[in-house]
Structures are given as C-alpha cells and as structure tokens.
Amino acid sequence: NIKIKKGTSVILWHYISSAAQRNSAFLAQNQRFWRWITGVAVEDGPRNQWLKKRPYRWAVRWFGCDGTRYSRSFETRKEAERFAENKQLAIRRGRADPLPAITLGDFASEHKQVMRGQVAWRTLQDQMRAMNLFMEQVGPKTKLQSVSPRHAESFIASRLASGLEPATVNKDIRTLKRLFNLAIEPRGYLLEGTNPFRHIKPRKKAEKPKRYVSPKEYRALMDIAVNSWWRALIVVAYGAGLRRGEMLNLVWCDVDFEGHQIAVAPKHKTDGLLAWEPKDHECRMIPVPEEVMRLLVDLQADSEEGCPYVFLPKWRWRHILQKRGKGKWAEDGTLVNNIKRKFDGLLKKARVPPCTLHDLRRSCLTNWARELPAHVVQKLAGHSDIKTTQKYYLIVQQEDMDKARIVNARILGRNLTDPLLTHFGQNERSCGSNEKGRKS
C-alpha cells in the first residue's frame, strides 16, 4: 500500500525540535538559525505554537517486493498524489522496486545481444548506428534514467546542423524513440511516459516527386537490355513489383511456372541457402503475366546448374560459400555488386530519364491500383499498413491530370447562373414559386 503522510523529511528538523523541547534556552540563543530553518520567528506567538508553525513536506511511502520500505518527499500535496498514483500503477504491474540503474553503453550492448535474431540484421544495424551516434553526443556512461528531452533536442539539432536531410534525421528520431520504448517495456529501465523522444516531432520536409516509369520507357529498357539476366530482372521488378532484396534472394523453388506465380518467403540458413527474411515479415504469392514467366524460363536455360538462386551467378555463389566457410561472410553482405551503376548505364543507352529499380516496383503498384482495390495492392506489395501503399506508391499519372482538367473545363463551361448550380438561382426559384402562389 502507498500512504501519503504530511510531515517533515529532514533529520536536522527532528534534531532541532527535540533540542528545543529539552532546552527552551536553545531558541533564545539561536533565533536567527531557527528562523532560517523554519521561516518562523521565535517571538511570533506563544512557544507552544512554534512547532505547529514549522514548514512541512509531503511524503509517499511504499514497500518493495522484498519487504523493503521506500519513501520519497515532495513540496506539495499535488505532486505527492501524482507520484503515488503512478507508483500504485507500477506496483500493480509488479514494479514496486526502484528502477535498475544502467548506462547508455550497457543498454546498447544488452540491446544488441537480446535483439539478435528477433529483428532483421539491417534493422539491428540501423538501431545500433543511431544509438552510437546518440552516445557520442550524450556519453556512453550517462545513466539511462538521466537522459532528458533536452538531450534529445540537442542531438537532433546537431544532426541537422551537420547538413543531413530531414528524412535522415526523422529516421533517427523514429529509431531512438523505438529503443527508449523498449527500455520502458519490456525491460523496465524507465517509467511509462518518460521516453525522452516521446514529444520530439519529425522535421517537416518537402516530398520529392515520385518517378513513374511508363510502359513505353519499360519497353525501351527491355530493348536495350544486354542479356537474359537483365531482361528477367527488369521484368520481375516491373511486372511483379518485387523489391531489390526480394529479387536477389529469389530461388527457383519460389517460381511456380505452371501457376504463373512467384512466392516471397523467408529462407532458413542451410548448407545451400543463406538466411533471409522479407521486409515486415510478409509472405505473399504474386500472380505474374506470361511475359514474366517466359523471360524467367530463358534465364533458367542460360544459367549454370548448381546455384539455387535466380539472379545469382554460379561463380558468385561459389565465392559466397567460400567466404561463409571461412567465417568471413557478413549476414548483410551484398549478393550482387554494382547493380545500380550498370542499371544507370542501361538508362543512358535507352535514353530513359533517371530512375531506380525501386521506381520500377512503384510503377508496377501504380498500374495495379488502376484496376485493383487498394487493399489488394497492399497485399501484393507486402505492406503491413495500407497508408504506406497510398502515400508512397500510388502515383498520380498524367492521364489522371488530363481527366481532372476535362472535368474542370466542363464545369466552368456551364452557365454559372444556372439555378441547379448556385444558391442564388435556387433562392430566385423559391421566391418565384411563392409569388405565383400568392397571385393564385
């Protein structure tokens, strides 16, 4: 139980009051010291009222899980009641004992050890990167409980002052907010509501225009593609909407040639496969057109036997196996190198404006959205939230702009005094009908 008790909280006060009771001459000899401690002059009122006029504080006392009694004092009753309410809630959750003390450095080391295998390797790397940057600003020996919103604001200000884009800084805010939420629950290092990044809002930024690759540009890329590997990669990105990591981790067992489907599924580490998890842990089946299947068949015919991956050459797969056997292969190692540089070369040869492989995926989702419901596009895209599909992938095309222009022209071309379009005309019609009724 928690009890709020009004009383003193300093040992010095108890000592002075007991001394005053034993020796009334003590007050006469130490009037200035008594007034400094209590704020009450000795001559104010009778002596039997001196102790009742002393200043007091409010104390909250509670028992820990092992029976130890704890106490904390406050200046006002309101502060004590608020603390008692929060402490009672913590006790109901089994947190009666004081929070365990831990430094930022120890928390980061514990997080790296605990989360290994629970999240994707790149996600853990990004979390550790953000935490290391924050520790450079605050210090690794700083107590986790002493990190305040002021530290968070200072860190964000320094990141922006270094010339980083607001999008990068916003990513750091989201990552660190997540880490401190983990310190609250389930690890119990912080109280609920004490996340220093809780009220740090993301910095506003102007959104960049999203690139849409038209079917004409796609055909130009396919015509200039140098081999079956590039043609298959481009058609899978534009015709199936796969991410780059999903394409590079695609194995032949994921391709259903008879059913015209491609499966995006996790891979467990074996002698013949690398461990891999799709983003958001979303497993899905994607129906693909005949052209995608035909180009994948061509790629399979040109590929050497002995490699399970669709877009991984056999010599590269052997190199990865050798490095993994020696313990030198990183979990986030690049499967295929220099894809972006070679893809940019294809764009120049095809005279197609700059774009990325992810723009091909975004264009595929936009094409789906013209014929399919939004929730179906979300499922095919592998998004856990439909807002991601709507905000970042559904692009307003030029045809949509032309339709909007036609609609506006049709409306503006009408007679603006048409009673069907204006309130003024409706009032005139109602007034005219009333006058006819009066005449009749």
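Predicted model: local features only at pLDDT ≥ 70, side-chain atom pairs only at ≥ 80, totals over all residues.
Me: How many helices and strands are in the chain?

Reply: The chain has 19 helices and 6 strands. It has 440 residues, of which 36% count as buried.

Me: What share of the contacts comes from residues 24 or more positions apart?

Reply: Take the contacts in the chain with a separation of 6 or more: 62% of them are accounted for by residues 24 or more positions apart. Asp298 and Ser228 are 70 residues apart in sequence, and their C-alpha atoms are 6.6 Å apart in space. Asp298 is found in helix H12, residues 290-302, and is partly exposed, with a relative accessible area of 35%.

Me: How do I read the sides of a helix, taking H4 as the case? Which residues of H4 are buried?

Reply: The general idea is that an α-helix has 3.6 residues a turn, so residues three or four places apart point the same way. Now the case. Helix H4 spans residues 77-92, which is 16 residues. From its first C-alpha to its last it reaches 22 Å, close to the 22 Å expected at 1.5 Å a residue. The buried residues of H4 are Ala80, Phe83, Ala84, Lys87 and Ala90. They lie on the same side of H4 because they cover an arc of only 125 degrees around the axis. On the other side of H4, Lys78, Glu85 and Arg92 are exposed.

Me: Which residues of helix H16 are buried, and what covers them?

Reply: In helix H16, residues 374-381, the buried ones are Val377, Gln378, Leu380 and Ala381. Their arc around the axis is only 170 degrees, which puts them on the same side of H16. The cover over the buried residues of H16 includes strand S6 (284-287), H15 and helix H17 (386-392). After H16 comes Gly382, whose phi is positive, near 80 degrees.

Me: How many residues are in the largest nonpolar core, and which have the most contacts inside it?

Reply: A nonpolar core is a set of buried nonpolar residues joined through side-chain atoms within 4.5 Å. The largest one here has 61 residues, and those with the most contacts inside it are Trp230, Val236, Leu242, Ile262, Leu296 and Phe311. Helix H10, residues 228-240, gives the largest share of this core, 10 residues. Apart from it lies another core, of 28 residues, with Met131, Phe134, Met135 and Ala152 among them.

Me: What is Leu296 in contact with, leaving aside its neighbours within four places in sequence?

Reply: With those neighbours left aside, Leu296 is in contact with Ala232, Val236, Trp252, Val255, Phe257, Ile262, Val310 and Phe311.

Me: How many salt bridges are there?

Reply: A salt bridge here needs a side-chain nitrogen of Lys or Arg within 4 Å of a carboxyl oxygen of Asp or Glu. By this rule the count comes to 13. In one of them, the side chains of Glu291 and Arg219 meet at 2.9 Å, N to O. This pair links distant parts of the chain, with Glu291 in helix H12 and Arg219 in helix H9 (residues 215-224), 72 residues apart. Arg219 is partly exposed, with a relative accessible area of 43%.

Me: Are Asp254 and Lys267 buried or exposed, and where do they lie?

Reply: The side chains of Asp254 and Lys267 meet in a salt bridge of 3.0 Å, N to O. Asp254 lies in the loop between helix H11 (244-248) and strand S4 (255-256), and Lys267 in the loop between strand S5 (261-264) and S6, so the pair ties together parts that are 13 residues apart in sequence. Both residues, Asp254 and Lys267, are buried. As for shared partners, salt bridges join Asp126, Arg129, Arg159, Lys171 and Asp172 into one network.

Me: Why does buried Arg361 have no salt bridge?

Reply: Compare the distance with the cut-off. The nearest side chain of opposite charge to Arg361 is Glu246, 4.7 Å away, and a salt bridge has to be within 4 Å. Glu246 forms a salt bridge with Arg243, with the closest N and O atoms 2.6 Å apart. Arg243 counts as buried at 10% relative accessibility, and Glu246 is buried, with a relative accessible area of 3%.

Me: Where does Arg361 lie, and which residues is it in contact with?

Reply: Arg361 lies in helix H15, residues 357-369. Leaving aside its neighbours within four places in sequence, Arg361 has contacts that include Ala237, Leu242, Arg243, Arg284, Ala381 and Tyr393.

How values were computed
Residues numbered from 1 in each chain as written. Heavy atoms only, no water. Helix = DSSP H or I, 4+ residues; strand = E, 2+ residues; numbered from the N terminus. Buried < 20%, exposed > 50% of the residue type's maximum accessible area, 1.4 Å probe, protein only. Lys, Arg positive; Asp, Glu negative; His and termini not counted. Contact = heavy atoms within 4.5 Å. Expected span 1.5 Å × (residues − 1). Arc of directions from axis to C-beta.
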